[in-house]
Amino acid sequence: MTTLTTTPDGTAARRPVPPSAPAARSTPRQGGTVLAVPALVWYLVFMVGPMIAIFVIAALHWPGMLQPVSFAGWGNVRTVLDDPVFWDAVANTAVQLAVAVPVMIVCAYMLGYYVAQRPPGHRVIRYLLFIPGLISTPAKAMVFYAALSPDGLVNGALQGVGLGSLTDAWLASPSTALACLIALDVWSGIGFTAVLFAARLNSVPGELGEAAQLDGAGHWRTMWTVHFPVIRDYVGVVTMLQFLWTLFGSAQHVLLLTQGGPGTSSTTLSFLVYQKAFIAADLGYSQTVGVFLFLTGLVGLLAIRRVFRQTY
Amino acid sequence: MKLGKRWLPAHVLVWTYAVLLVVPLYYFLASAFKSNDAIFDRPFAPPTSLGLHNFRTAFESADLGLAIVNSGLVTVFSLALTLLLAVPAAFALARSTGRTAGLIEKVFSLGFLIPTFAALFPTFLLAAATGLFHTRAFMVLFLPATALPLSVVILVQFMRTVPAEMEEAARLDGASTFAVLRHVYAPMCLPGIATVLLLNFLTFWNEYLYSLVIIGPDPAQRTVQVALPTLKSITGTDYGVLTAGTVLTLVPVWLVYTVLQKRMQQALVSGAVKM
């Protein structure tokens, strides 16, 4: 979650060279760039190197850690594309992204607008919105496990209000397992995203909204036709990050809550990468799906950027 | 702008979500002090006693005490290494106007778009190749790398605000580059350093998947996030113990959040506004 907080600033104003300093003593900023080398090397070794390795391993036939490795070329791609499990995972991931990301972003934007208006109790709300950003994935999974298991909170509440017939083994039922995972994404995603939007909306000049109100626009119209265009590119950046987190991060939720089951009903692409690598020990297959996941991420990013391109 | 009557649905929806955020936490806190029977009979009733029985069971059955120590060690050393790498790098990038520096900054900025999960298996191979598989040491080396893009970008923004005259004055007094960093830039960028520490504390303490795969399930080494889910299988459906364990792992985060609440919210929010 925390990677959401800053975004590349790229070309922030460089400090102007002080005009007062005469040529005599103009050696102030040297011996600098070398200091960036350790961080860069660290980053290349631990992040970029493994990224590249994904593409190499994807072209290998490697049926287990201690097994002999051979070159497979496009073999893995063919195996993956012929595997119905892969297509189940594609479908599940598509559903997950198509539901979770738009719901999350739209709700978070409206919630952020609400908080930015400083209604009564906005401080309490703001405090609470940070909660999902603070707790770890296993803890979130425990919350959902306690809520959704057969004798958990949701079934208890349903029985309490006389709707006992609706109770279900939510996480173990093929028709609801994926929905539970999406609910977890949305539940934990809205809060922190809303805080980001609220902060951004606070930096929009107040006169803008007031002018629109004088013209008779209600909050609904102000929210979507006045404020939204102003922070459109920011919404785009946040959407990109949430898209990536949903796409890649679902492996942990699936692992902790449903193990991809029942059957393949909650197997997502990123869980498939994990499962094939560490449970099924089919390493070439796993990393081929990894490449596919990576490309999906890239295409998704470009698409989102296009959609949210500043239009004025 | 005034919020009229038509805002009623909005109020209701927002507070419903707020309740959805709070109820699970309340349920966890209350259940941690209750027996299974009490949890099932009246899930929302406050606990009748504050006995620490569940906490003790959670501690013993999953070795949570040791796991908390492990998590603490990994977090602290990773934070130290992150600062050691990121502060000089940000210092260099903020002062330099060369093309190389611009390129390096771009590389770090793009790092935001690399989800760490993607390279789980190759990283596992790297751990095996360096002989650090199943050690906490590899996590201490690895976690800072994942934190560098965010940390460097935040610190560069802070260091750009240090006036150039400060450095010139120090230079006139014969200060070396290192002395400039240590005595001019570092003290003036303390808020930025605090931000980086807080954000990364959260990420490091909460890290799950890499810890699971690389440190592994050995109780002597595993972190608290890896130990926590094992309660589910160890205790079966003893919800009291499960919730007590979860509450325990949240305590350090809540402590930091409560003590530094203003600072933490500011950190998260100012970072966002700065884009």
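H134(B) sits in the loop between α6 (120-129) and α7 (136-159) of chain B. Helices here are DSSP runs of H or I with at least four residues, strands are runs of E with at least two, and both are numbered from the N terminus. The phi of H134(B) is positive, about 65°, although H134(B) is not a glycine. Most residues other than glycine have a negative phi. H134(B) counts as partly exposed because 14 C-beta neighbours lie inside 10 Å. A residue is buried if 20 or more other C-beta atoms lie within 10 Å of its own, exposed if 12 or fewer, and partly exposed in between, with C-beta atoms placed from the backbone.

The model is predicted: local features need pLDDT of at least 70, side-chain atom pairs count only at pLDDT 80 or more, and totals for chains, interfaces and linings use all residues. Residues are numbered from 1 along each chain as its sequence is written, while chains are lettered from A and ligands numbered from 1 in the order in which they are written.

Chain B has 14 helices and zero strands. The C-alpha atoms of chain B fill a box of roughly 75 × 65 × 35 Å, taken along the principal axes. Chain B has 275 residues, of which 45% count as buried. Of the contacts in chain B with a separation of 6 or more, 76% join residues 24 or more positions apart. Two residues are in contact if their C-beta atoms, placed from the backbone, lie within 7 Å.

A147(B) belongs to helix α7 of chain B. A147(B) counts as buried because 25 C-beta neighbours lie inside 10 Å. Neighbours within four places in sequence aside, A147(B) is in contact with T82(B), N200(B) and T203(B). A147(B) and L83(B) are 64 residues apart in sequence, and their C-alpha atoms are 9.9 Å apart in space.

UniProt, in an unreviewed entry, lists "transmembrane region" for residues 12-33, 73-95, 107-132, 138-159, 180-202 and 239-260 of chain B. UniProt positions are given in the numbering used here, feature names are shortened, and annotations may be inferred rather than shown by experiment. Residues 138-159 of chain B are 100% helix and 0% strand, with end C-alpha atoms 30 Å apart. Residues 180-202 of chain B are 96% helix and 0% strand, and the end C-alpha atoms lie 30 Å apart.

Chain A also carries an annotation. An unreviewed UniProt entry places "domain: ABC transmembrane type-1" at residues 90-304 of chain A. Over these residues, chain A is 76% helix and 0% strand, and the end C-alpha atoms are 19 Å apart.

Helix α11 of chain A meets other helices. Two packed helices are described by the angle between their axes and the distance between the axes. The axes of α8 (residues 177-202) of chain A and α11(A) come within 10 Å and cross at roughly 150°. Axes are lines fitted to C-alpha atoms, for helices over the stretch in contact, and angles run from 0 to 180 degrees between N-to-C directions. α8(A) and α11(A) are therefore roughly antiparallel to each other. Angles under 35 degrees count as roughly parallel, over 145 as roughly antiparallel, 65 to 115 as roughly perpendicular and the rest as oblique. The crossing of α8(A) past α11(A) is right-handed. A crossing is right-handed if the near helix is turned clockwise from the far one by less than a right angle, and left-handed if anticlockwise. The residues of this contact between α8(A) and α11(A) comprise eight nonpolar, six polar and two charged. Ala, Val, Leu, Ile, Met, Phe, Trp, Tyr, Cys and Pro count as nonpolar, Asp, Glu, Lys and Arg as charged, and the others, Gly among them, as polar.

The axes of α6 (residues 137-148) of chain A and α11(A) come within 10 Å and cross at roughly 45°. That makes α6(A) oblique to α11(A). T137(A), P138(A), A141(A), F144(A) and Y145(A) of α6(A) meet Q252(A), H253(A), L256(A) and L257(A) of α11(A). The contact of α6(A) with α11(A) has six nonpolar, three polar and no charged residues.

Q259(A) lies in the loop between α11 (232-257) and α12 (269-278) of chain A. Q259(A) is not a glycine, yet has a positive phi of about 55°. Q259(A) is partly exposed, because 15 other C-beta atoms lie within 10 Å.

The contact between the chains takes 86 residues from chain A and 89 residues from chain B. On the side of chain A that touches chain B, helix α1 (residues 37-57) of chain A gives the most, with 12 residues. The residues of this side of chain A divide into 56 nonpolar, 23 polar and seven charged.
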